[in-house]
Amino acid sequence: MAASESTSLSGTWIEGEMAMGTDCVHAGVSPCEKTGAILTPIYQSTTFVQPSIDGYLSKGYSYSRTKNPTVEVLSEKVAQLEGGVGATMFGTGMAATVTVMSAFLNTGDHVIITDCSYGGTNRAARLLFMEKFKVEVTFADFSDVAKVEACVKPNTKMIFSESPTNPTMMLADVTALSALAKKIGAVHVCDSTFATPIVMRPLKLGADMVVTSTTKFYCGHNMTVGGAVVCATAEHQETIRFWQNVHGNIMAPQAAFYQLQTAKTMEVRVMRQSASALQIATWLEAHPKIEWVRYPGLASHPQKALADKMHTTGLHGSMLCCELKGGVKAGRALMDGIQRPWSLCENLGSVESIMTCPSVMTHANMLKEDRLKVGITDGFVRVSVGLEDPKDLIAALEKVLDSIVIDNSKKQKT
């Protein structure tokens with residue numbers, strides 16, 4: 001062998017931990033040993049041939065409902081980005097949420113869930129676990145840890161938080177809630193879809209598990225759906241993997257391949273989106289037709305100090321919300337009248353900027369009284385800022401706001 005070949009360091013890694021941007025690109029991924037292909041292949045195979053009965057699973061794979069090589073690489077990437085011992089990839093974010101609840105809750109157990117969450121989480125808690133499986137469910141205001149602690153019962157087995165909350169942009173003190181969960185012997189599950197690991201890593205703040213809809217920022221291109229549960233301990237990771245296999249809701253290899261590519265740019269996307277979101281939130285807050293704006297990067301956010309404490313990178317994400325003076329009619333006029341480059345639709349975290357009406361779209365399945373209790377009126381506007389130039393986005397907002405006539409005498413609250 002030539003000396004140049006025996007001493008080559010090409011393909012080896014430098015020592016030390018890599019930065020988040022490097023991990024977004026490379027975590028979990030290695031070039032193919034056989035071909036040198038830099039991208040992980042799509043293993044679009046249902047089954048995997050075994051060398052013998054005694055050698056069953058000697059290569060690690062048997063059937064793609066249980067484990068698939070493409071999906072496994074993505075799970076390694078997500079686990080590393082979130083700071084967990086392992087991740088489990090699901091077909092959707094709701095598949096991840098339902099699986100983590102079914103894995104750790106039994107009939108007669110009690111779970112405390114944030115009173116403002118993604119509408120699908122609320123629906124699953126009420127209709128599936130509370131009504132069908134007879135799990136006790138308490139919805140609480142997670143912006144105040146004392147109010148959560150007041151809900152604790154002897155049979156409380158799980159605290160399920162969301163930070164920031166969808167769509168009201170309120171925060172949960174992940175460290176304090178994790179300490180509370182440990183004190184009472186419960187698990188703390190945090191849905192950090194809005195934050196992403198670029199903004200906050202709940203496992204580093206003490207949470208036991210993180211749930212994230214990878215449909216959102218991990219994908220970021222409106223082309224796949226998926227979810228993940230990331231665990232702080234091997235025991236919890238084993239439990240989640242077992243129940244995923246029972247439910248059969250693993251992510252498809254094709255979706256995993258796409259998300260392996262889109263995750264590479266997640267840090268640069270979230271950095272740009274956060275800067276644009278702050279610019280747009282600041283502009284909206286100063287507009288005379290806007291009643292209020294809520295964004296964790298604004299000084300006016302009621303939990304700004306907590307945001308700065310938990311969002312250690314100084315970024316606060318792409319999501320914000322607002323209401324107009326004039327109430328429901330004005331809010332709906334904004335959403336119905338917004339022009340491109342904005343899009344009126346569901347989803348968030350993508351390169352395209354999106355405006356959503358939660359009362360009709362994402363949170364329509366909440367009970368109306370519960371929705372109004374947390375401030376989601378029919379004119380509530382959820383905003384996801386994409387990668388377009390913020391000047392163009394503001395120009396579109398300015399045009400539609402100029403066209404709206406505010407009638408404060410007929411302001412509607414519902």
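Trainee: What makes the radius of gyration of the protein chain agree with that of a compact globule?

Mentor: The radius of gyration is taken over C-alpha atoms, and the globule rule is 2.2 Å times the number of residues to the power 0.38. With 414 residues the rule gives a value near 22 Å, and the protein chain has 22 Å, so the two agree. Along the principal axes, the C-alpha atoms fill a box of roughly 85 × 55 × 35 Å. Keep in mind that this is a predicted model, in which local features need pLDDT of at least 70 and side-chain atom pairs count only at pLDDT 80 or more, while totals for chains, interfaces and linings use all residues. Residues are numbered from 1 along each chain as its sequence is written, and side-chain values use heavy atoms, with hydrogens and water left out.

Trainee: How many helices and strands does the protein chain have?

Mentor: The protein chain has 16 helices and 12 strands, where helices (H or I, at least four residues) and strands (E, at least two) are DSSP runs numbered from the N terminus.

Trainee: Why are β1 and β3 said to stand at the edges of their sheet?

Mentor: Two strands pair if DSSP finds at least two bridges between them, and on that basis an open sheet of seven strands has the order β1-β7-β6-β5-β4-β2-β3, with mixed pairing. β1 (86-90) and β3 (136-140) each have a single partner strand, so one side of each is left without a neighbour in the sheet. Direction ignored, neighbouring strands of this sheet are turned by 20 degrees against each other on average.

Trainee: Why is α4 called roughly perpendicular to α10?

Mentor: The axes of helix α4 (residues 93-104) and helix α10 (residues 234-247) come within 9 Å and cross at roughly 110 degrees. Angles under 35 degrees count as roughly parallel, over 145 as roughly antiparallel, 65 to 115 as roughly perpendicular and the rest as oblique, and therefore α4 is roughly perpendicular to α10. The contact, meaning heavy atoms within 4.5 Å, involves Thr99, Val100, Ser102, Ala103 and Phe104 of α4 together with His236, Thr239, Ile240, Trp243, Gln244 and His247 of α10. By class these are five nonpolar, six polar and no charged residues, where Ala, Val, Leu, Ile, Met, Phe, Trp, Tyr, Cys and Pro count as nonpolar, Asp, Glu, Lys and Arg as charged, and the others, Gly among them, as polar.

Trainee: What makes α3 oblique to α11?

Mentor: α3 and helix α11 (residues 253-262) pack at an angle of about 40 degrees, with their axes 8 Å apart, and that angle makes α3 oblique to α11. Their contact is made by Thr70, Val71, Val73, Leu74 and Lys77 of α3 and by Pro253, Ala256, Phe257, Gln259 and Leu260 of α11. It divides into seven nonpolar, two polar and one charged residues.

Trainee: Which strands stand at the edges of the sheet of five strands?

Mentor: This open sheet has the order β8-β9-β12-β11-β10, with mixed pairing. β8 (290-294) and β10 (343-344) stand at its edges, because each has a single partner strand. Three bridges join strand β11 (residues 354-356) to strand β12 (residues 381-384), and the two run antiparallel; the bridge partner of Ile354 in β12 is Ser384.

Definitions and conventions:
Axes fitted to C-alpha atoms, helices over the stretch in contact; angles between N-to-C directions.
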